[in-house]
Amino acid sequence: MAAKFAVTGDQYMVIDRRMKEIKRQLRQEGGSPLDTELVARALQDIVEGRFSVPHTYPVTVDYGMTLGDMVAAGGYDAKNDYITQENFPITGAGMVEVEFHLVHLNRYASTDAALVELNRQGFRPAKIEELLAFGARYKNLQKEFPIVALGSVWQSRSGDRLVADLDYWDGERNLVLGWVGYVWHEPYRFLAVRK
């Protein structure tokens, strides 16, 4: 009978990274041989529940930057044209050290459900300037899963309420807007700050 064990969202992320590395090695052609010791160690860690899970992501948020400068620092391949200083005014001053968390609900969830869960866990949703600082510091994370900041909401002329999120599509890192009425899919991570 196979062993049964439960994993958290962060543990799943680590397992997923390790499995991607194993797959990368298996696909190598003419490169270095498969590191069977690495594969065996990774699988043993998974089975025995040993994980080195990053729980916090330290970032310096520079409130002296304009929104345009923050976007440029992220080096995104594409950006929604409505992400402007006018639509998303920056609040705050100076340079602030922030420890971010990526909350993974591991299920489909409405924005309201996500906000309730963030609050229950003692978090507040990140604002757009925090998302941009995070995206500039951890540029490759959005390649693994989409990251949304529910703390800054812009209402369009049509009445749609929108929030910024980082995603990866067709080999491009994108800074886009997501509809607040959207049901966020299971892979989404919610960028959050401890209250």
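Which residues does E130 touch, not counting residues up to four places away in sequence? In this predicted model, E130 touches V61, Y63, F100, R124, L191 and V193 when residues up to four places away in sequence are left out of the count.

**E130**
- The place of E130 is in helix α5, which covers residues 128-137, and E130 is buried, with a relative accessible area of 1%.
- Because buried means under 20% relative accessible area, the value of 1% puts E130 in that class.
- The side chain of E130 reaches the backbone nitrogen of K127, at a distance of 2.8 Å.

**Helices α3 and α5**
- The axes of helix α3, residues 67-74, and of helix α5 come within 7 Å of each other and cross at roughly 25°, which means that α3 is roughly parallel to α5, given that angles under 35 degrees count as roughly parallel.
- The crossing of α3 and α5 is left-handed.
- On the α3 side, L67, M70, V71, A73 and G74 take part in the contact, and they meet I128, E129, L132 and A136 of α5.
- Sorted by class, the residues in this contact of α3 with α5 are seven nonpolar, one polar and one charged.

**R137**
- R137 also lies in helix α5, and although R137 and G74 are 63 residues apart in sequence, their C-alpha atoms are 7.7 Å apart in space.
- Leaving out residues up to four places away in sequence, R137 touches P58 and V59.

Key:
Residues numbered from 1 in each chain as written. Predicted model: local features only at pLDDT ≥ 70, side-chain atom pairs only at ≥ 80, totals over all residues. Heavy atoms only, no water. Helix = DSSP H or I, 4+ residues; strand = E, 2+ residues; numbered from the N terminus. Buried < 20%, exposed > 50% of the residue type's maximum accessible area, 1.4 Å probe, protein only. Polar contact = N/O pair within 3.5 Å; in protein donor to acceptor, adjacent residues only side chain to side chain. Contact = heavy atoms within 4.5 Å. Axes fitted to C-alpha atoms, helices over the stretch in contact; angles between N-to-C directions. Parallel < 35°, antiparallel > 145°, perpendicular 65-115°, else oblique. Left-handed = near helix turned anticlockwise from the far one by under 90°. Nonpolar A, V, L, I, M, F, W, Y, C, P; charged D, E, K, R; others polar.
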